[in-house]
Amino acid sequence: MVYGITGNTSKAELWEPVARLVAWLDAEALAFRLHAPVAEGLRARGLVEERLCTAHGTEALAAEADVVLSFGGDGTLLRSAHEVGHTGTPLLGINIGRLGFLADVEIGDVQETIRQLERGDYHLDHRLVLSAEVDSTPPRRFWALNEIVIERGGAVGMIAIDVAVDGVPLNRYWADGLIIATPTGSTAYSLAAGGPIVAPGADVLLLSPLAPHTLTVRPFVLPASSVLEARVVSRRQPYVLAADGLSTEPMEEHVGITIRRAPHTVNLVKLPQQHYFKTLRTKLTWGGGNRREKGAG
């Protein structure tokens with residue numbers, strides 16, 4: 001197996017663990033490739049032998065690796081997913097900050113994790129992805145692992161978003177915006193907006209309005225096969241379209257946006273000892289009170 005290594009090069013915590021991993025992989029005669037910015041950073045800091053940076057650096061990480069190790073947090077893994085793109089190369093998130101929902105392998109467990117991968121003791125979690133197409137000339141296309149967001153671009157004022165599902169009008173959302181999320185994204189921006197937590201294996205899409213004007217408007221769960229058509233019809237109120245937090249330039253009114261399930265998935269490496277519910281309990285501190293009560297006696 002060839003291990004691709006990438007990460008958030010703006011984090012000072014990245015370099016020492018990656019340098020140790022590179023030295024260990026080399027000593028174990030395990031094949032690896034370094035994303036070019038990581039290779040350059042290691043070289044500039046003198047943390048890794050020059051020959052390793054030169055021989056193993058690459059711009060085409062996803063094409064040359066069997067699995068990509070992404071060092072950082074959830075945001076780093078999202079960026080890594082977009083770098084991997086449609087190749088289908090599996091991703092493994094290595095946490096170097098707070099525990100994330102996606103980057104859920106701790107930095108101290110990397111070597112044992114690689115031993116598990118070498119034994120084939122893992123499985124792939126195929127995560128649903130959204131695609132968005134903007135009815136412009138030429139058409140603009142985006143995809144997202146977490147969410148597509150239509151959001152006001154100004155400091156004040158709501159926008160009105162007409163939404164139809166499979167050609168049938170659903171609602172005109174008067175709100176600060178609208179989040180269309182995957183199950184993976186249910187614990188990201190959608191959760192902050194009051195949306196439900198959805199297990200990754202659920203085959204659904206989520207609509208979560210941002211600060212809706214009408215209190216009867218609530219988050220909505222749709223089959224993943226649904227095709228959504230959205231159109232902002234407000235006057236003189238700018239708005240943006242964002243995919244996984246990456247915003248486009250300000251959008252024009254009355255432009256159609258079609259959102260549907262993408263034809264590809266993002267493939268995450270999961271280990272037997274990992275479980276989504278365990279991550280939820282840890283990240284959201286669920287059950288902490290009960291554990292204290294049991295230990296208090």
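How many bridges pair strand 16 with strand 19, and in which sense do the two strands run? I looked this up as my opening entry, and I found that strand 16 (residues 228-232) and strand 19 (residues 256-261) pair in the antiparallel sense over four bridges. Within this pairing, I noted that arginine 231 has glycine 256 of strand 19 as its bridge partner.

**Notes on the model and the terms**

I have to keep in mind that this is a predicted model, in which local features need pLDDT of at least 70 and side-chain atom pairs count only at pLDDT 80 or more, while totals for chains, interfaces and linings use all residues. I number residues from 1 along each chain as its sequence is written, and side-chain values use heavy atoms, with hydrogens and water left out.

For strands and helices I rely on DSSP runs numbered from the N terminus, where helices (H or I) have at least four residues and strands (E) at least two. Two strands pair if DSSP finds at least two bridges between them.

Strand 14 (residues 204-210) runs antiparallel to strand 15 and is joined to it by four bridges, and I noted proline 223 in strand 15 as the bridge partner of valine 204.

**Entry: pockets**

Before reading the pockets I wrote down how they are found: on a 1 Å grid over the protein atoms alone, a cavity is a set of points where a 1.4 Å probe fits but cannot get out, and a pocket is an open set with protein on both sides within 12 Å along at least five of seven lines, while lining residues have an atom within 4 Å of a point. Grid points are joined across faces, edges and corners, and a volume is the space filled by probe spheres set on the points.

The largest pocket holds about 290 Å³ of space. It is lined by 15 residues, and those closest to its centre are Asp104, Val105, Gln273, Gln274 and Lys278. Strand 6 (105-106), helix 6 (110-119) and helix 8 (276-283) each supply at least two residues of this lining.

I sorted the lining into three nonpolar, seven polar and five charged residues (Ala, Val, Leu, Ile, Met, Phe, Trp, Tyr, Cys and Pro count as nonpolar, Asp, Glu, Lys and Arg as charged, and the others, Gly among them, as polar).

Which residues lie nearest the centre of the second largest pocket? I found Glu229, Ala230, Arg231, Gly256 and Ile257 there, out of 13 lining residues. Two or more residues of the lining come from each of strand 8 (130-134), strand 11 (159-165), strand 16 and strand 19. The volume of this second largest pocket is about 170 Å³, and its lining divides into six nonpolar, two polar and five charged residues.

**Entry: cavities and tyrosine 276**

I counted two cavities of 30 Å³ or more in the structure. The largest cavity, with about 40 Å³ of space, has Tyr276 in its lining together with Phe101, Leu102, Arg127, Pro183, Thr184, Thr187, Pro200.

Is tyrosine 276 buried or exposed? Tyrosine 276 is buried, because its relative accessible area is 17%, whereas phenylalanine 277, at 48%, counts as partly exposed (buried means under 20% relative accessible area, exposed over 50%, and partly exposed in between, with a 1.4 Å probe and protein chains only).

A search of the whole structure gave me one aromatic pair. The rings of tyrosine 276 and phenylalanine 277 have centres 6.3 Å apart and planes at 55°, so the pair is tilted (rings of Phe, Tyr and Trp, the last by its six-membered ring, pair if their centres lie within 6.5 Å, and planes under 30 degrees apart count as stacked, over 60 as edge-to-face and the rest as tilted).
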